[in-house]
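Have the model open while you read.

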Amino acid sequence: MNAEEKKALRAQIRVQKRAMTIEEIEERSAKLVEKFLASDAYKNAKTVYGYLPYNQEVRTTRAMEQVLKDG
């Protein structure tokens, strides 16, 4: 994928993210967190890095809370 294609793809994704409602973001985030916490990659991880969500980003707070609980 060349630079122009990447730029166009990023713009398309930005438009789609901005069109999502808060409810859609929360619902999709919950599904992603569930898949993440059930994954072998998570279960076998020694270190997990995360971020606090901003705007239409995936809501990671629940995942990070579980990471802390799991040690």
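1. Some ground rules. This is a predicted model, where local features need pLDDT of at least 70, side-chain atom pairs count only at pLDDT 80 or more, and totals for chains, interfaces and linings use all residues. Residues are numbered from 1 along each chain as its sequence is written, and side-chain values use heavy atoms, with hydrogens and water left out.

2. Take a look at R59, in the loop between α3 and α4 (helices are DSSP runs of H or I, at least four residues, numbered from the N terminus). R59 counts as buried because its relative accessible area is 19% (buried means under 20%, with a 1.4 Å probe and protein chains only).

3. What does the side chain of R59 reach at 2.7 Å? That is the backbone oxygen of N55. There is also a polar contact of 3.4 Å between the side chains of R59 and E26 (a pair of N or O atoms within 3.5 Å, one able to donate a hydrogen and the other to accept it; residues adjacent in sequence count only if both atoms are side-chain atoms).

4. On to the core. V33, L37, Y42, A63 and V67 make up the largest nonpolar core (buried Ala, Val, Leu, Ile, Met, Phe, Trp, Tyr and Cys residues joined through side-chain atoms within 4.5 Å). Two or more of these residues come from each of α2 (22–38) and α4.

5. A63 is in contact with V33, F36 and L37, leaving aside neighbours within four places in sequence (contact means heavy atoms within 4.5 Å). V33 is also among the residues that R59 touches, not counting those up to four places away.

6. Last, the largest pocket: its lining includes Y42, K43 and V67 (a pocket is an open set of points on a 1 Å grid over the protein atoms alone, where a 1.4 Å probe fits, with protein on both sides within 12 Å along at least five of seven lines; lining residues have an atom within 4 Å of a point). α3 (40–43) and α4 (61–70) each supply at least two lining residues.

Definitions and conventions. Buried means under 20% relative accessible area, exposed over 50%, partly exposed in between (1.4 Å probe, protein chains only).
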